[in-house]
Every structure is written in structure tokens, then in C-alpha cells.
There are 2 protein chains.
Amino acid sequence: MPEAGTPSSYRILDTASVPAFIASLPEVHARLGGQARGWQVREVGDGNLNLVFIVEGPSGSVCVKQALPYVRVAGSSWPMTLERACFEVSYYRAVASAVGRLIPKVYHYDPELYCIVMECLAPHVILRRGLILGQRYRNVGRDIGEYIARASFFTSDFARPCEQKLEGIALFARNKELIRITVDLVFCDPYRASARNRHTAPQLDEIVADLRGDGALKVAAARFGEKFLNEAQALVHGDLHSGSVMVTEEDTRVIDPEFAFYGPVGFDLGAFLGNLLLSWYSQPGHATRADDRVGYQRWILEQVELFWQSFRSCFLALWADNAQGDVLPASMFTRPEDAGALESARGAVLDRLFTDMLGFAACKMIRRIVGFAHVIDFDWIQDSDLRARCEGSALAMARTLLTHPAQFHSIQDVADALPRMLRQ
Amino acid sequence: MPEAGTPSSYRILDTASVPAFIASLPEVHARLGGQARGWQVREVGDGNLNLVFIVEGPSGSVCVKQALPYVRVAGSSWPMTLERACFEVSYYRAVASAVGRLIPKVYHYDPELYCIVMECLAPHVILRRGLILGQRYRNVGRDIGEYIARASFFTSDFARPCEQKLEGIALFARNKELIRITVDLVFCDPYRASARNRHTAPQLDEIVADLRGDGALKVAAARFGEKFLNEAQALVHGDLHSGSVMVTEEDTRVIDPEFAFYGPVGFDLGAFLGNLLLSWYSQPGHATRADDRVGYQRWILEQVELFWQSFRSCFLALWADNAQGDVLPASMFTRPEDAGALESARGAVLDRLFTDMLGFAACKMIRRIVGFAHVIDFDWIQDSDLRARCEGSALAMARTLLTHPAQFHSIQDVADALPRMLRQ
């Protein structure tokens, strides 16, 4: 049943009702081909918030994503605005020209059903699942680095007049309910007593108590919470972890931008980096006799480095050709002698994004181990002692990133530190 | 004539039409008393953007402020949105409960005439004029420090749940045309060739050329432009110079918040500080045989220190009692051992605001000497050589604040530096 406040024209789709809905959209119908009664419909949503249907016809397939009026994982006791579908489609439209084929094509948005009909990504898999299986995707680090560079640069004050950004800020500031989720679940609850928190117990009890008693750590996390709410640098995806990336060996796509808003670029960078680091620490839990995953951990670290380097170089390359915004405008640096100052100013912007990335990565790691929503990278490790060791190592790394940021001047420093935090 | 896009119900008021407008508002009519035909109406606007009428009746008086569809100082060739009146009244309403008697009372807002009817401040004078005359207002530094503390704290993430702030951000992000003015006139034009710029010539030609060739200075100014557009810390007034403050010997009021938006708190702090420093440097230009203004400069410095100290202590005192926001929430720091970490985190927030204040103050000083809109503190100095020396000293101070921020750890450091920058 829809919640109070849900528009009366809204109804929850199911596999029986999806074909008639699709058949009412001539262009999408044509894409599938044949007749609606012959289409195959499967519900495949494994996220926390939505229904996701794959519809297959003789000529093609589409994906139908519908917002539910509550948090799926928690049931109807946790109501949730349907409007997030509108923010998702608004995000896709806002970044489409910048990121090209790195997002799925959107075919249709139904504002009454809060439902997006879009490209069906096949044979793509969720990156997080691939990482658990030890699969390699040679473009993924580079692609996501480039994705964040393109999406954020072109929605920032470095590229666009402030009027465009202010319009975006006004639109996405309405995404209050999803911003509230991040504030609570990422920046607050992990650091205080909350009925929603959980952790591998009793193994991590002591570590978690120590974490919640670490004043310096809590202050550092709160500083990133402040940045999350205060720094409207660019349009950010808002939930760019390895479960929001679909991959094949060659191809990379970013999905699920319903948490989108104007925020710090480091939040997207940190979400992806943090989840790669979680994967790295989870690998001992997925080792087999045939594969100790040590080589795979090396591959993850290569992706970590490629990710940051491609972000940095792509962002700077875009900036060199598109400095049409109001911050550091080209018109202020027209003399040949200005070139050095401008270049170092741009470098300083990237250095600040690097620092932000590490802090946000740490916050995202911590919340996945001691907060409400965990990751299957760890949850699928059956042996709870082994799982706790993996999680404890990841927590140690995250705490170091937050409380000793000066130890990390380069992405190589991060890679070098990872094994030092391993708990046996 | 209203510009294209002006609503048809809009008409420009004049002294002849104001009484009938006021007479149509029963509460305001009652406040004035008597009959409309007996009211005295004067147009007193001396700002750049609006008409301001004082209406006096037998029982009382009111002020009528109407937005014009163009920049008054530039004439109809520079069209300007009428909507700024809506942002002004929205700002007053948003901060009224926090700042109490430090703003005028708003009696009525007419959304079709873009016209605010409010308390007539008498015998108040514009602070800037008082500073030129060498008048002392013993509460002004303390009052404005407390004003900014109260208005910004209660609209920040330290005091309010993020949903409230996001609603404010969405509303004030529509104030695009006035934000554009600040971006261009404060953070860009002074540092590049622009037909709108002017300076005292030829005396300052060399200094201005040197300033526009100083890469490090331009980068520092651009960094504050970035903060202006990116850091939505709180609802800020947006134009809080000494021309936006009205005073009597005892009373202080903040007016003209039409540039309001969610931005960095340091921008309001810096606007006020920067204009006090401009006044300090302008004093030799207003010296007479009877008063060399040296004692008055000392009084200005006392106000500078009182201003920052009252801001800081008021902000911290409010925080101690009202930590109900989402950043550094009290619920994360409940253990006795957390008190020290929390206190130092709050101190660090204030330290960052101090640093921001100095940078924004410098930007505001520079733009008033080499940009479009100057200040009468300098413009009223008839002797152009003397004026240029005063302006040159202020520019030297502003450049030091921007390019050597590490020299200034306390407001006393600022006060100590001022005389060192004096040019003879």
C-alpha cells in the first residue's frame, strides 16, 4: 500500500503489470519488438530502495526501475519519498553530455509512477560481486576516475557560470530525505549508540567501543560530515560505491544516482576508493586453496592508483580546455607570467580533492563495518572470526586515514599503508 | 518604464503615489495615524539599487523600500531583477527570531510592487557616514559581532537539522542576479581589465598594474571566490559593509540584506571588518586642524577587536546551549572524555572562520579601490594625492592579508599590522 502522501496515480508495479505499462510507451515498445504478452519480465532488484524489472522482447530489452514509498530493506515501517526517482533521472540528464556512454541511456521517465525506463545493461554485473569473485575488469579504475572527473568538472564553478550551478543547487537541495540518510548513516550513527548499528560481535566489540570513544576520530568524521553538507562543489552521484557500478571485461557504467546533490567531489571519489579498499581487506575471506587472492589484491591496488591518476589527469585536461566558469577564470590569468600561478592553483585544487577523498573514503569504510548498511564483501565471509579480522584491518586503515591524514601525500602512500594495517 | 519581464501589476512608486499605497494597508495606516493627505513623504534612497521613502504621520513613521527593475546608479541600461525584494524580506524573516532588535521590524511586503514597508529608523544614521564624521558608537563592534554570530549560527548545520538548511539553500539559490554581481564585482573584475573598473589615476596606476600582474594575489582572491560560491555554511547577509548598518550612539541595526544567500560566514565577517579597515585608512583624508583622527583610528581598532571577540564568544556560547544540528552533534560526544575533543573542534571551526574573515575582508577592500563600486570614505577625500595615499595603504594591507595569511593569528595581529602599511 502506498504511504500517506503518495499521489493517487501511483501504484506499485509487478511482473504482471509491467508489460502493459511498457506497451503504452510506443518507442520503448518498438525497442522490445513483438507483443507485450510475449515479453519476459523478471524482478531483479537487490538494492535497498527500489523495484527493478528486466523486460525482454524479441528485438531487445529494457530495465524498469521504480521507487517504492519505503526503504525496501526495512519494509513499510521506514517510509521514503518517491521523489528520489525524479532526482535520479535529473542527475542522469544533467551529466549525460559530460559522461557519454558511462551511464545507461534513459528511454522514459514516468513522473506519476516514479519509474525510469532505461537501457538494460547485459551482460554487465555489479562490480562489487565481481570483486568478491576475484574477477578483473581492466578499464574500471580508469573509467570511474574519468567518470567522476567529467561529471564533476562540468557541473563545477570551474566550467560553468554560477547561474547554471545555482539552478542545480536549488533543484537537488530538495533531495532532503536521501541527504538525511547519508548524514545519519555515514557521518553520525557509526560514532554513537544507535539501534540501527550492528557489527560482527563479539569479535569487534572492543574495537567498536574504542572507536566510539575516540574523540579525535569523531571530530575528524564530523568535519567530513560538515564538508558533505556545506561544500557544494559540483553535482555528485552521492552513493558511488562498487554496488553502483556495472561492468563487463571492457565496459563500465555508473547507476543508481538517486542520492545526487551538489556536494563535495571528494564524496564520490571517497565512496569508490573506500569500497575498493574494503574489497582489498575482504579478499582473505574469499581466498581458496586454488587462489590466495594475493595477486588479486595487487590488481585492486593497481585499480586504486589508475582511478586516482585518471581522475586527476582527466580533470586537469578538461580544465585546460574548458575554463569557462567563474572560479579561476581564464580572463584573470591572461599574461604569460600568470601561467605558473594558474597551474599551481589548479594543482592545489586537486590536492584538496585528494585529501577530501581519503577522509570520505574512511567515513564510508567505517560506516559499512559498524553502521546500519553493511557490504556483502564482508557479510559473505562465513567464518565470523576471519570476517572480524578482515573488518578490523579495514577499520584500522580507515581510522589512520581519518586521524593521520598527513601520512598520505600520494595514492602510493595509501597503497603502501594497506598491508601494514592487516590483522592476523 | 518597467523592463521586459516585469509583472504588469508593478509600477514605480513616487512621493505622490506612496500615501495611497500605505493607506490601503490598515495596520500601517494606523501606525502613521491621521489621514493620508496629511502625511509627509520623502525619497531618501542613496544606495545603488532601490527607492526608499520615509513616510511620516501624526502618530508615527514608516520606511517604504521598493526595488527598481534596473541598477539605479547605472540607469535602465543595467536591468536588475525585482525579485531581490523577495529575498530581502525572506532574509529578514529567516533571521528575525535569532537577531531580535538588530534588524528593523517588517510591517508589510507587497509581492507585486516588490516593496517592503518597515520600521523607520530614526534618528539613526548610516554607520559609514558616521565613521567619516569621526563619530563614536560604543556598541557597534560588539553588536555586529553578535549579529553575525546569531544570524549565522542559527541557520547553520551546528544548530539546525539539515532539512531546514536545505530548504533555505533552495530558496536563496534563486537569488542568482545578485550573486552574479558579487562574483563579478568582488572576485573577478578587480583582478582583470574591465570597463567597469576605476581607480584614482594617475597616482595609483602603477600599484593597480602591479596588483593585476600579481599571480599569487589573483589565485588567493580566486580561492575566496570559490569559497563564496561553494561553501553554504549559513544564511549570510551578503553585503554587510558599513553602509548596511544604521546606528545611534546606543542602537545598531542591520539593513539591506537583498544579497542574502547560503554562503560562507566569513563573507559577512569580512565585509564588516574590511570596511572598518577601509575607514581606518581613510581617516588621514578626513583629518582637520582640530582633529588629526589618530585617536579616532584607535577607537576603530577597538571596535575591530570587539567585533571579532564578540562574534567568537557569542557563537561559542550559542553553540554550548543549542547544539541541535547535524554537524558535531551532541549525541556523538556524550562521554565526559569527549568534552576536550569537542571543545577543540569548535575552536577549530572558529579559527577557520577567522582565516576566512581576513581573506574576504581583503577582497572587499580591494574591490572598493580598484573595482566598480567605491566608498565615500575615500571618494569624499578631495585631495587626490592624499586620497591615493590612503587608498594605496589600504591596498597594501589587503594584499598582505591575502598573500601572507600566516602572519595573522589573532585580531591583535591585524591591528598591529595596520600602521605598518601606511604610505606617507
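Me: What does the packing angle make α6(A) relative to α7(B)?
Reply: Helix α6 (residues 162-172) of chain A and α7(B) pack at an angle of about 140°, with their axes 10 Å apart. Axes are lines fitted to C-alpha atoms, for helices over the stretch in contact, and angles run from 0 to 180 degrees between N-to-C directions. Under 35 degrees counts as roughly parallel, over 145 as roughly antiparallel, 65 to 115 as roughly perpendicular and the rest as oblique. The angle therefore makes α6(A) to α7(B) oblique.

Me: What kind of model is this?
Reply: Residues are numbered from 1 along each chain as its sequence is written, while chains are lettered from A and ligands numbered from 1 in the order in which they are written. Local features need pLDDT of at least 70, side-chain atom pairs count only at pLDDT 80 or more, totals for chains, interfaces and linings use all residues, and the model is predicted.

Me: Which residues of α7(B) make the contact with α6(A)?
Reply: Contact between two residues means C-beta atoms, placed from the backbone, within 7 Å. Helices are DSSP runs (H or I, at least four residues), as are strands (E, at least two), numbered from the N terminus. From α6(A) come C162(A), E163(A) and L166(A); from α7(B) come K176(B), I179(B), R180(B) and V183(B).

Me: How many charged residues does the contact of α6(A) with α7(B) have?
Reply: Ala, Val, Leu, Ile, Met, Phe, Trp, Tyr, Cys and Pro count as nonpolar, Asp, Glu, Lys and Arg as charged, and the others, Gly among them, as polar. This contact has four nonpolar and no polar residues; the charged ones number three.

Me: Left-handed or right-handed: which is the crossing of α9(A) and α12(B)?
Reply: Helix α9 (residues 215-230) of chain A and helix α12 (residues 338-370) of chain B have axes that come within 9 Å and cross at roughly 35°. A crossing is left-handed if the near helix is turned anticlockwise from the far one by less than a right angle, and right-handed if clockwise. The crossing of α9(A) and α12(B) is right-handed.

Me: Which residues of α12(B) do those in α9(A) meet?
Reply: The residues of this contact divide into five nonpolar, two polar and two charged. In α9(A) the partners are G215(A), A216(A), K218(A), V219(A) and A222(A); in α12(B) they are D338(B), G340(B), A341(B) and A345(B).

Me: Which element gives the largest share of the side of chain B that touches chain A?
Reply: 41 residues of chain B are in contact with 41 residues of chain A. Two or more residues on the side of chain B come from each of α6 (162-172), α7 (176-188), α9 (215-230) and α12 of chain B. The largest share, nine residues, comes from α9(B).

Me: How many Å separate the centres of domain 1 of chain A and domain 2 of chain A?
Reply: Bounds come from an automatic or database domain assignment, which gives domain 1 (18-119) and domain 2 (125-420) in chain A. Taken over C-alpha atoms, the centres of the two domains are separated by 27 Å.

Me: How are α10(A) and α11(A) placed relative to each other?
Reply: Helix α10 (residues 265-282) and helix α11 (residues 294-321) of chain A pack with axes 9 Å apart, at an angle of about 170°. The two helices are therefore roughly antiparallel.

Me: In which loop is the place of P202(A)?
Reply: The peptide bond from A201(A) to P202(A) is cis, with omega near 5°. P202(A) lies in the loop between α7 (176-188) and α8 (205-212) of chain A.
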